[in-house]
Amino acid sequence: MTRRPAVPRNRKPLAAVLGAALAVPLLATAPATASGAAAGQVTVTALKFTVRAGGGTCAVDADLYRPAGVDKAHPAPAVLTTNGFGGSKSDGSTNATAKAFAARGYVTLAYSGLGFGKSGCLISLDAPAIDGRAASGLIDFLAGTRAADDGTRIDFVTKDRPGDPRVGMIGGSYGGAVQLATAAVDHRVDALVPMITWHDLSYALDPNNVADRKVPGAFKWQWTNGFYLIGERLPITAPNLDPSRWGTLGCTHFVPDACQTIGLLNSGSYPAAPTAAMLRYARGVSPVTYLDRVEAPTLLIQGQSDTLFNLNEATATYNTLKDNGTPTKMIWQSWGHSGGHVPGELDLAQGNVETSYTGRRILSWFDRYLRGRKHTDTGPAFAYYRDWQSGYGEASKVPPLSQKVYLSGDGKLVDNRAKVARGSRAYTNAVVPTSHSESSLAGMVGLPDPAPYDTPGTYLGWDTAPLTAPVDVVGSAKATLKVSSPEARRTQRSKDAADKLVLFAKLYDVAPDGTKTLVRRLIAPVRVPDVSKPFTVALPGIAHRYEAGHRLEFAIAASDDAYLGNKGVKPVTVVSAPGDTGTLQLPIVSGRLN
């Protein structure tokens with residue numbers, strides 16, 4: 001590696017702004033070792049790159065981790081990694097990831113995403129034409145076809161052909177989606193490991209879990225505004241005074257479309273033209289619109305405890321890539337943005353790559369697709385963490401829906417349509433939220449989060465009989481509902497989609513003593529397209545055991561305080577009759593509901 005003399009610089013550690021953004025909390029960590037110094041068996045060199053992205057140029061701050069013994073005569077494959085939202089190349093997660101893979105013989109390039117750390121340009125939400133292209137410029141460096149800004153070039157990365165380095169990517173959340181964005185614009189990427197990231201931002205931030213998603217959902221205001229404030233209120237430091245990182249008054253650090261999207265969502269109004277534009281933008285920067293261009297083998301890792309990007313996001317990406325013929329596998333680990341870390345699961349800060357299930361799977365993925373060990377076993381197509389049993393369950397596919405139960409008029413879930421009791425039950429919403437599932441804002445600032453609850457009269461629940469044996473549910477349940485709401489029917493033809501009925505579906509585990517647990521605090525927000533017709537709801541994926549003696553409860557609630565809900569009071573009635581009632585279908589892998 002040749003390098004021009006560097007100008008000495010003083011660098012201060014960057015503090016974390018969002019500990020829940022990745023599995024390894026983003027802690028205040030010291031910056032990478034200065035140029036030329038050895039960190040164990042790895043040499044770390046700080047570099048700057050000016051890359052073309054989105055029709056302009058951006059400065060990218062990076063650290064190159066070079067394992068001992070790697071040179072032109074003994075090249076090694078490369079790993080590219082970047083931070084979660086609000087982080088940088090120096091935070092605990094990115095730094096630990098880079099160290100972990102460099103220590104295992106990979107040339108690793110860790111960089112601060114655009115708009116973060118000391119990298120320039122506005123935050124553009126992992127847009128392929130901007131963030132993807134920026135990462136592609138770093139791949140040029142790994143290929144040896146360009147230099148860093150100080151003239152540094154390298155010639156020790158394994159290449160498949162001139163200009164085509166053997167390179168994989170790994171990272172979580174914001175550092176997960178950028179992998180797919182990069183692979184969509186640069187087919188030199190050989191392997192991806194996106195962790196706890198999104199499929200469609202229009203769903204993640206404004207979810208509607210109905211099958212017909214022509215209308216927007218219920219705005220996830222806590223999570224969205226938390227991230228927005230992190231981006232807008234970056235501390236006044238020398239890097240943040242970079243003119244390329246400043247937008248306009250009221251939209252300081254984001255691209256304008258992102259701020260317009262946040263503004264529309266916070267307004268609680270969905271007029272047709274602005275809403276269509278919002279959906280086009282949110283989907284346009286999301287994998288849902290460009291996965292057909294991703295060819296790199298992809299190991300998806302998603303968290304069961306994740307109310308920001310739930311398991312359905314990874315499953316949608318998984319199914320699309322498989323349908324496109326891209327080699328793809330998926331792991332549902334325990335931890336996600338909402339916590340859930342358990343002893344023994346992958347924790348890069350602890351260095352347990354070889355001793356954790358997910359870590360071993362990642363190593364085998366890179367062994368096969370970066371080291372070229374074609375006979376390496378990369379594991380089953382699908383695996384899921386079991387909190388009721390040691391280790392992971394494995395399967396050849398995501399379990400299908402396997403049992404249907406019926407919503408009876410007496411509040412029971414019954415396993416035969418003939419058992420349905422005729423009856424009607426009703427609830428109504430108040431002018432303020434009356435149900436609670438989780439508070440991401442409490443988690444962000446370290447405050448306790450109350451247990452989930454529903455206020456009587458503002459929700460309906462249907463329960464099974466106490467189970468005679470354990471029942472394991474793995475996957476996304478599906479409910480088909482028909483409700484009556486004259487007030488919602490009167491307003492749903494409004495030109496503002498926000499006038500449509502909103503409700504929230506969820507699954508509880510009810511213990512013999514009556515204690516209710518909302519499984520992983522997950523809910524399915526729904527904005528009903530047309531209350532005069534039945535509609536189908538996909539609930540968030542889970543991997544959960546209902547023990548013997550417990551009851552499974554399916555509930556629909558009028559509101560949730562983590563989301564924006566109904567405009568106005570809209571009473572709802574659910575009518576059940578033996579020949580016409582709602583249903584709930586479950587992906588059960590063991591046992592059966594009574």
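Modeller: Two strands pair if DSSP finds at least two bridges between them. Helices (H or I, at least four residues) and strands (E, at least two) are DSSP runs, numbered from the N terminus. This is a predicted model, where local features need pLDDT of at least 70, side-chain atom pairs count only at pLDDT 80 or more, and totals for chains, interfaces and linings use all residues. Residues are numbered from 1 along each chain as its sequence is written, and side-chain values use heavy atoms, leaving out hydrogens and water.

Biologist: In which sense do β16 and β28 pair, and over how many bridges?

Modeller: Strands of a sheet pair through backbone hydrogen bonds, either parallel or antiparallel. Here β16 (residues 423-427) and β28 are antiparallel, with five bridges. Thr573 in β28 is the bridge partner of Ala426.

Biologist: Which residues of β28 lie on the covered face, and which on the uncovered one?

Modeller: In a regular strand the side chains alternate between the two faces of the sheet. In β28 (residues 572-576), Val572, Val574 and Ser576 make the covered face. Thr573 and Val575 make the uncovered one.

Biologist: What is the order of strands in the open sheet of three?

Modeller: The order is β26-β20-β30, paired antiparallel. β26 (542-546) and β30 (588-590) are at the edges with a single partner strand each, so one side of each has no neighbour in the sheet. Direction ignored, neighbouring strands of this sheet are turned by 25° against each other on average. Axes for such angles are lines fitted to C-alpha atoms, for helices over the stretch in contact, and angles run from 0 to 180 degrees between N-to-C directions.

Biologist: How many bridges join β20 to β30?

Modeller: Two bridges join β20 (residues 471-475) to β30. Asp472 stands opposite Ser590 in β30.

Biologist: How many residues of helix α5 are buried?

Modeller: Buried means under 20% relative accessible area, exposed over 50%, partly exposed in between (1.4 Å probe, protein chains only). In α5, 10 of the 12 residues are buried, so the helix is largely enclosed by the rest of the structure. Among them are Trp223, Phe227 and Tyr228. Their cover includes α4 (201-205), α6 (256-267) and α10 (440-445).

Definitions and conventions
Contact means heavy atoms within 4.5 Å.
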